Amino acid sequence: MVQDSFEKELAQLREAGLYRTLRHVGGDQGATLLLDGREVINFSSNNYLGIANHPALCEAAKAAIDRYGCGSGASRLISGNMTLHEELEAKIAEFKGTEAALVFNSGFQANTGIIPALVGPDDVVFSDALNHASIIDGCRLARSKISVYGHLDLNGLERALKEAPSRGRRLIVSESLFSMDGDEAPLREIVELAERYGAMVMIDEAHATGVYEPNGAGVVAKFGLGERVAVQMGTLGKALGGFGAYVAGSAALRDLLINRCRSFIFTTSLPPAVMAMDIAAVDLVIKEPQRRQALRNNCGTLRNGLEALGYSLGNSRSQILPLIVGDAGACMKLSEHLLARGVFAQGIRPPTVPPGTARLRITVMATHTQDHLRRALAAFEEAAKKTRIENRGWRIEDRGSS
């Protein structure tokens, strides 16, 4: 029976340490959470700047409902293209320093729609091995030849570019700040290779938007590469605290996506309240650079403290600190050990990350206090006494109750 096959598959997931359940969050999304009925320090959020609950966003959303109502009523190409859509897109284009922008309902919808709109069966996509699942799925949907190069491996990327057929379009796709490893792509070098071998560049700034100087626009802006990166994609629901996603680039890119991008064309558009709070969020990020500084300070404090305890965090120098455990079951034991002591650091397992690289994805917020960081480090220190370092990472040992 079908039901029996479902139960068998679920049993296999449990045995492999890959079974997932939903946690219940009560209250708002802050530096602390009411998680399954108890308050914990939150190190599992993408609300990096801590503005998801900011009064400016809340007031903007309420005002938009009063003026425009709740729903947008249709897709953008029918009757759902409202004033706030165009205001938000103008705001994003100014923020990113591009000619135009287009908003999407989510980052996943953006990536799975943009890539197939740009390339097809006669083209080649060059994709970093650790790109997000939405990029991977977008490449598959494009039905292009996919050339996966090793993570941050410029030599591998150049070899792939040299070996690729000369006909058709070439598209290099990479995250700027990798969501699970917290490391930056070498964007200058990627752009130089693209120009040398006649390729377009698409950069996913989901976890960099709002975080990087000079104004929070992302890593592309940090290096002044805006005019050399054809497609800048990002999200509005992480550091910006709202919801939705965007693509920024030329007016021609925007027009092409309006005409060819299926995930844009065939969906009801974002509602007014969401767009209003996104506009308020961009304004806030530009106006309050001290939030980015607070985030950097907190990242340094927690990173240094964890490394002093003997934990390895890879090459991350960002707000995403990956503590690689390796085994999925051991990873979840460590996560639960910390949670029992009031620290929520979610374990991340395959297929989100490659097999054998299960980890705690520890994320820092600008609104974490020094007390939050001290309490977290004390919990990690206690966890360290119940673990030992091996060449492949951390493994929980049964040295008493956890």
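Predicted model: local features only at pLDDT ≥ 70, side-chain atom pairs only at ≥ 80, totals over all residues.
Two strands count as paired if DSSP finds at least two bridges between them. I start there, everyone, as strand pairing comes up several times in this talk.

Let's take the open sheet first. Four strands form it, in the order β1-β2-β3-β12, and the pairing is mixed. At the edges sit β1, residues 25-26, and β12, residues 343-344, each of which pairs on one side only. If you find β3, residues 38-42, you can see it run parallel to β12, with two bridges joining them. Within β12, the residue that N42 stands opposite is F344.

A word on confidence before we go on. The protein chain has a mean pLDDT of 94, and 96% of its residues reach 70 or more. The stretch to treat separately is residues 389-402, where the pLDDT is below 50; beyond near neighbours in sequence, that stretch has 35 contacts in the model.

Now to another set of strands. As a reminder, strands of a sheet pair through backbone hydrogen bonds, either parallel or antiparallel. Start at β8, residues 200-204, which pairs with β9 in the parallel sense over three bridges. Here D204 stands opposite M233 in β9. From β9 we step to β10: those two run antiparallel and are joined by four bridges. M233 turns up again, this time opposite V247 in β10. One more step takes us from β10 to β4, again antiparallel, with five bridges.

How much of β4 is buried? Five of its five residues are. A100, L102 and F104 point one way from the strand, A101 and V103 point the other way, and all are buried. β9 is also mostly covered, with five of its five residues buried. There, V231, M233 and T235 point one way, while Q232 and G234 point the other.

Next, helix α9, residues 251-260. Which of its residues are buried? They are L253, L257 and I258. Down the axis of α9, the buried residues fall within an arc of 135°, so they line one face of the helix. The general point behind this is that an α-helix has 3.6 residues a turn, so residues three or four places apart point the same way. On the other side of α9, A252 and N259 are exposed. And what do the buried residues pack against? Our strands β4, β9 and β10 are among the partners, along with the helices α4 (107-118) and α10 (262-265).

The largest pocket has a volume of about 1200 Å³. It is lined by 44 residues, and the closest to its centre are S44, N46, Q346, I348 and R361. Elements giving two or more residues to that lining include β2, β9 and α13. The element that gives the most is α4, with three residues.

Technical notes: Residues numbered from 1 in each chain as written. Heavy atoms only, no water. Buried < 20%, exposed > 50% of the residue type's maximum accessible area, 1.4 Å probe, protein only. Arc of directions from axis to C-beta. Contact = heavy atoms within 4.5 Å. pLDDT = per-residue confidence, 0-100. 1 Å grid on protein atoms, 1.4 Å probe; cavity = no way out; pocket = protein on both sides within 12 Å on 5 of 7 lines; lining within 4 Å. Points joined across faces, edges and corners; volume = space filled by probe spheres on them.
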